[in-house]
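Here's a quick briefing to read with the model open beside you. Have a look at the fold first, then work through the points below.

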Amino acid sequence: MMNNNPSRPARRAELLAAAAATVTVVLWASAFVSIRSAGEAYSPGALALGRLLAGALTLGVICLLRREGWPPRSAWRGIAISGLLWFGVYMVALNWGEQQVDAGTAALVVNTGPILIALLGARLLGDPMPPRLLAGMAVSFAGAVTVGLSMSGEGGSSVLGVVLCLLAAVTYAAGVVAQKPALGTASPLQVTTFGCLVGAVVCLPFAGQLVQEAAEAPASATLNMVYLGVFPTALAFTTWAYALSRTTASRMGATTYAAPALVVLMSWLFLGEVPGLLTLVGGALCLAGVAVSRSRAAARAGDPGADAEPRPERTADSAR
C-alpha cells in the first residue's frame, strides 16, 4: 500500500539530518583531546596542514570510489571561499590562538561564531531568526562561556591570542555561510573534498615545518594528527555539509553549542579532568539551549520547507 502522507519522508529526512549533525558535533568535540596531544609536538600551521592533507587524501579516495566527479561551476565560488576561510585560515588561527589565551577567553571569543553565523545568514542568505532559535543560542552561549571560565587555569591572555580567536570565529562563520549556497548544486562530499583541498593549498607554506616536526614528533602525536584529518575533518565536515544542505545555517550553527558539554565529558573520560559543579552547570546549559534551538517548533518557524517533502538525492551521474 502506498504511503500518501508527505510528512513521513520529511520526518525521515529531518531525523537523518539530526543524526548527521550529532556525528559532526561528537567528532569535533573529540578533536579537543587530539589537538591537546598533537599540539605539544606540532606548531599551529604544521598541525593544520597535516590534518588537512590526511583529510583530503581520505576524501579523495572516497570520491574516486563513488565516482563523484568535479563540482558544478556554480558551486566553486562557495567551495573556494569556505576552503580558504574555514578549512585554511580558521584551523591555523584556532590552533595558534588557543596557545595564547586561557580557556575562558577562548570560549568567550570563539563561541561567538554561531551568533555570527545567524547574523550573516539572516543578512546574506535570508535565513529567518525565530524567537526559539535566538533564545536557545543565548542559553547555549551562556553555557559555553561558563564551561570555559570554569576550566580556565592560571594562564593569561595576550592581545594576539584574542585577535586570533576572533579571527577564527569570523572565518568559521563566513565559511559556513559561503558553503551553504554551494550545497544547492554540489553534493556534500564534493563540497567537503574540494574545500579541504583548497585549505591544504592555503596551508602549503607550512610544509617545511610539517616535514621537520614530523621527523621529531612522537608516534602518538602524529597518529592524533592523522585522526584529526580522517574523523573530525573528512567525516565530520561531510556530515556537517549533509545536515547543512537540509536546514538553515543558523540552526546548524546553534547545534555546535553542544560541543563544550561533550568536551567536558571527554576530558573527564580520556584526560582524567574531573569537572566541577560550575562546569557541569555550563554543560547542561549548552545542551538545553541546543534542544530549544533545534525543537520542531523552531524548525517550522525557521525553515519554510521544514514540513515539505525533501528533495531527491543527487546521483553520481547528476553530480558530474
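In this predicted model, helix α3 (residues 76-97) packs against helix α7 (residues 159-182), with the two axes 8 Å apart and an angle of about 155° between them. That angle is over 145 degrees, so α3 counts as roughly antiparallel to α7. As for handedness, α3 passes α7 in a left-handed crossing.

**Another helix pair**
- Helix α1 (residues 7-38) crosses α12 at roughly 50°, and their axes come within 8 Å.
- That angle makes α1 oblique to α12.
- The handedness here is right-handed, going by how α1 and α12 cross.

- Leu265, Trp268, Leu269, Phe270 and Val274 together make a nonpolar surface patch of about 580 Å².
- Leu265, one of the patch residues, sits in helix α12, which covers residues 259-270.

- Most residues other than glycine have a negative phi.
- Arg67 has a positive phi, near 55°, and Arg67 isn't a glycine.
- You'll find Arg67 in the loop between α2 (44-66) and α3, the α3 that packs with α7.
- With a relative accessible area of 63%, Arg67 is exposed, because the cut-off for that label is over 50%.

Notes: Residues are numbered from 1 along each chain as its sequence is written. This is a predicted model: local features need pLDDT of at least 70, side-chain atom pairs count only at pLDDT 80 or more; totals for chains, interfaces and linings use all residues. Side-chain values use heavy atoms; hydrogens and water are left out. Patches are made of residues with over 30% relative accessible area and no salt bridge: like charges are joined within 9 Å, nonpolar side chains (Val, Leu, Ile, Met, Phe, Trp, Tyr) within 5 Å. Accessible areas come from the Shrake-Rupley method with a 1.4 Å probe; for residues, only the protein chains shown count as cover. A salt bridge is a side-chain nitrogen of Lys or Arg within 4 Å of a carboxyl oxygen of Asp or Glu. Helices (H or I, at least four residues) and strands (E, at least two) are DSSP runs, numbered from the N terminus. Axes are lines fitted to C-alpha atoms, for helices over the stretch in contact, and angles run from 0 to 180 degrees between N-to-C directions. Angles under 35 degrees count as roughly parallel, over 145 as roughly antiparallel, 65 to 115 as roughly perpendicular and the rest as oblique. A crossing is left-handed if the near helix is turned anticlockwise from the far one by less than a right angle, and right-handed if clockwise. Buried means under 20% relative accessible area, exposed over 50%, partly exposed in between (1.4 Å probe, protein chains only).
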